[in-house]
Amino acid sequence: FRALCLSLALTFSYQAAQADVVMFDGFAAQTAMTTMHNSVLQQRYGVKEEQESAEPALTATKPAKASLTFSPSAADTRKNIAKFIKQSQTIDPAAAAQLEAAFAAKDMMGAINQALRKLGLSHTNVADVYAVYWISAWQASQGQTHTPSAATFQAVSAQLSSNLAQSEDFTATSDAQKQEMTETLLIQAALIDASLEQAA
């Protein structure tokens with residue numbers, strides 16, 4: 001994944017990559033994930049958002065498991081990329097033009113998906129994709145540019161899976177919504193890593 005992001009770094013200027021890192025539509029996916037986690041805590045352990053229980057009620061009723069995977073659509077991929085580019089235009093038109101040219105010149109999503117497979121992850125699994133995004137964001141906050149092991153990515157995904165699969169909120173998420181979330185997160189993770197490579 002890091003090697004792919006280095007190619008993105010060479011495609012964009014450092015300033016454009018920096019601008020794109022902060023464009024993420026109000027961090028809607030992170031907000032949604034926080035809501036899901038709060039819901040899981042309440043359902044499984046009786047924990048309220050404003051306080052933590054020292055002895056969680058392990059006998060709480062568990063909801064039906066939600067599917068973390070989805071069937072992707074090529075048409076939705078094109079729509080999601082176009083939406084991301086359009087949103088970026090309001091922040092940095094030049095960076096948006098570079099991003100649009102990069103996606104027109106190469107199947108970036110296909111390359112990203114192939115990189116995920118080498119880590120034992122899937123672009124059609126929300127937990128796998130969120131693990132990639134979280135690790136990229138954490139590394140950016142620490143100024144780290146090394147590539148974590150496949151085992152690290154898989155361990156973070158496993159932790160996310162156990163929570164997401166039991167979220168009632170996530171159960172109602174459609175395949176199209178899952179695809180939009182994952183593809184947005186993957187583009188964002190790639191741009192974060194690209195700017196880190198530029199800084200290095």
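**View 1. Tyr130 and Tyr133 sit about one helical turn apart in helix 7**. The two tyrosines are 3 residues apart, hence that spacing. Helices here are DSSP runs of H or I with at least four residues, numbered from the N terminus. Both Tyr130 and Tyr133 are buried, meaning under 20% relative accessible area, with exposed being over 50% and partly exposed in between (1.4 Å probe, protein chains only). A quick note on what you're looking at: this is a predicted model, where local features need pLDDT of at least 70, side-chain atom pairs count only at pLDDT 80 or more, and totals for chains, interfaces and linings use all residues. Residues are numbered from 1 along each chain as its sequence is written, and side-chain values use heavy atoms, leaving out hydrogens and water.

**View 2. Tyr130 also pairs with Trp134**. Their ring centres lie 5.3 Å apart with planes at 90 degrees, so this one is edge-to-face. Rings of Phe, Tyr and Trp (its six-membered ring) pair if their centres lie within 6.5 Å; planes under 30 degrees apart are stacked, over 60 edge-to-face, and the rest tilted. Tyr130 has 0% relative accessibility, while Trp134, at 34%, counts as partly exposed. Tyr130, Tyr133 and Trp134 form one aromatic cluster.

**View 3. The largest nonpolar core has 35 residues**. Such a core is a set of buried Ala, Val, Leu, Ile, Met, Phe, Trp, Tyr and Cys residues joined through side-chain atoms within 4.5 Å. Phe103, Met109, Val132, Leu186 and Ile187 have the most contacts inside it. Among the helices supplying at least two residues each are helix 7 (126-142) and helix 10 (175-199).
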